[in-house]
Each structure stands twice: as structure tokens, then as C-alpha cells.
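Student: Could we go through this model together? I would like to start with the helices and then move on to the side-chain contacts.
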Amino acid sequence: MDRETRIAWLVDHNQRPRHRGKLPGADASVPGGNPGCGDVITMFLKAQEGEDRVAAVRCDGVGCTLSQAAAAILAERMNRLKPTFADVLAFSYEEMLDLLGRDIASSRPQCATLALGTLKGAVKTVEMNRKLRAAGHTEEEIAELRRAIAAQAEGTGLVIGEGAEQAARSAPASIS
């Protein structure tokens, strides 16, 4: 795809996002934020029953054209491929930049990869919740553990999970 076509593709996904909005019955709803420019993405993940595989992904958020288009493109890809959790976690940030068009996305890599980092967070959330439930933890105990983990990640750049929206919204306005 040439540069002009790729830009049109990104703009189209921003203006007419696919797989946008909450996902009923999601196993994970994970927000991600980019304090550098104020982008916010929430990735919703439904796992295949009894499998470590994606059943469905949706996204929602606000921010620059690149971050929002990247989320829609990633959700579309996940819904088409139905990858295993291992495949999602192995999908690199470099591969995401290539998918979006490195010549376009490399100038704003945090915007381009926010959705992928957030989706990886959703996969890890589902995996951890399954293990914690199997170990006998309550939903309240699991939520408390998540808050503690989020507090440890403060100040590290992109914010995934608890506090992501607040961190991103306290940033200066982004340029679309």
C-alpha cells in the first residue's frame, strides 16, 4: 500500500471505526492512556470459553487520528484472526508500526501502539483473573490486587489499567 492510500485507510478507520463501543459479556475491559498527548483507549476482550484464544475485541476512546485508527484496525484484525493469547502477546510493537505504516506511525509510536499495549493488558487481565479465581480469590480481592499493580506502574509512560484515563486526561491536548 502506498503512503497516500495508507493515510486514507487510517483516516477512514478513525472516521468510521469498526468494532467500536462496549462489548457485552467482555471478560476484560482495560483502559490505556498516553499522558504524552491525552489519548485514551479502552479495549474490551471476550475470550473463547475454556480456551486461551480471542473470541471478540472492541475498542472505545478519544484522541488523535493515529491512536483511534490503530485501535479500530487492531480490533478488526483480532476479530478476523481470532488469535491465541500467546499470539497477541507475541505481536510486537514493531509489527504494529509496520501494520500501520512505519513511515507514518514511527513519528508517534506511543499513539500508534497504545491500543496494542492496552490489548496485551486485557489478555494479561483475563489470564490473571482466571488464575486468581482458580486459587479461590473473590472478585473484590482481585480488584484490590489490580489497584496495587496499577499504583506500581505510575510514571512509566503509557498507562494501562486503573488510572489510565485520569493520567491521559491530565495531559496537554493532543494534535490530531
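This is a predicted model: local features need pLDDT of at least 70, side-chain atom pairs count only at pLDDT 80 or more; totals for chains, interfaces and linings use all residues.

Student: What span should the 26 residues of H6 have, and how far apart are its end C-alpha atoms?
Tutor: H6 covers residues 109–134, and at 1.5 Å a residue it should span 38 Å. Its end C-alpha atoms lie 37 Å apart, which agrees with that expectation.

Student: Is Met96 buried or exposed?
Tutor: Met96 counts as buried, because its relative accessibility is 0%; the cut-off for buried is under 20%.

Student: Now H2. What end-to-end distance does it reach?
Tutor: H2 runs over residues 65–81. It has 17 residues and reaches 24 Å from its first C-alpha to its last, close to the 24 Å expected at 1.5 Å a residue.

Student: How many of the residues of H2 are buried?
Tutor: H2 is mostly covered, with 12 of its 17 residues buried. Among them are Leu66, Ile73, Leu74 and Met78, and the buried set also includes Ser67, Gln68 and Asn79.

Student: What happens to the backbone just after H2?
Tutor: Lys82 takes a positive phi of about 50° there. Lys82 sits in the loop between H2 and helix H3, the latter being residues 85–90. Its relative accessibility is 29%, so Lys82 counts as partly exposed.

Student: Which other residue has a positive phi although it is not a glycine?
Tutor: His19 does, with a phi of about 55°. His19 is found in the loop between H1 and strand E1, the strand being residues 28–34. At 28% relative accessibility, His19 counts as partly exposed.

Student: Changing topic: how many salt bridges are there?
Tutor: The count comes to 10 salt bridges. One of them joins the side chains of Asp103 and Arg3, at 3.1 Å from N to O. That pair links distant parts of the chain, since Asp103 is in helix H5 (residues 102–105) and Arg3 is in helix H1 (residues 3–15), 100 residues apart.

Student: How accessible are Asp103 and Arg3?
Tutor: Asp103 has 46% relative accessibility and therefore counts as partly exposed. Arg3 has 45% and is likewise classed as partly exposed.

Student: What is the partner of Asp98?
Tutor: Asp98 forms a salt bridge with Arg102, with their closest N and O atoms 2.9 Å apart. Asp98 is partly exposed, at a relative accessible area of 44%, and Arg102 is partly exposed too, at 31%.

Student: Which residues are joined into a network by salt bridges that share partners?
Tutor: Asp12, Arg16, Arg18 and Glu76 are joined into one network in that way. Within this group, Arg18 forms a salt bridge with Asp12, and their closest N and O atoms are 2.6 Å apart. Arg18 is partly exposed, with a relative accessible area of 23%.

Student: Cysteines next. How many disulfides does the structure hold?
Tutor: It holds 0 disulfides. Cys111 is in no disulfide; the nearest cysteine sulfur, that of Cys37, is 3.5 Å away. A disulfide would require the sulfur atoms to be within 2.5 Å.

Student: Are Cys111 and Cys59 buried or exposed?
Tutor: Cys111 counts as buried because its relative accessibility is 4%. Cys59 counts as buried as well, at 1%.

Student: Finally, the rings. How many aromatic pairs are found, and which residue lies over the face of Tyr93?
Tutor: A search of the whole structure finds 0 aromatic pairs. Lys120 lies over the face of Tyr93, at 5.1 Å from the ring centre.

Technical notes
Residues are numbered from 1 along each chain as its sequence is written. Side-chain values use heavy atoms; hydrogens and water are left out. Rings of Phe, Tyr and Trp (its six-membered ring) pair if their centres lie within 6.5 Å; planes under 30 degrees apart count as stacked, over 60 as edge-to-face and the rest as tilted. A charge sits over a ring if NZ of Lys or CZ of Arg is within 6 Å of the ring centre and within 35 degrees of the ring normal. Helices (H or I, at least four residues) and strands (E, at least two) are DSSP runs, numbered from the N terminus. The expected span of a helix is 1.5 Å times one less than its number of residues. Buried means under 20% relative accessible area, exposed over 50%, partly exposed in between (1.4 Å probe, protein chains only). A salt bridge is a side-chain nitrogen of Lys or Arg within 4 Å of a carboxyl oxygen of Asp or Glu.
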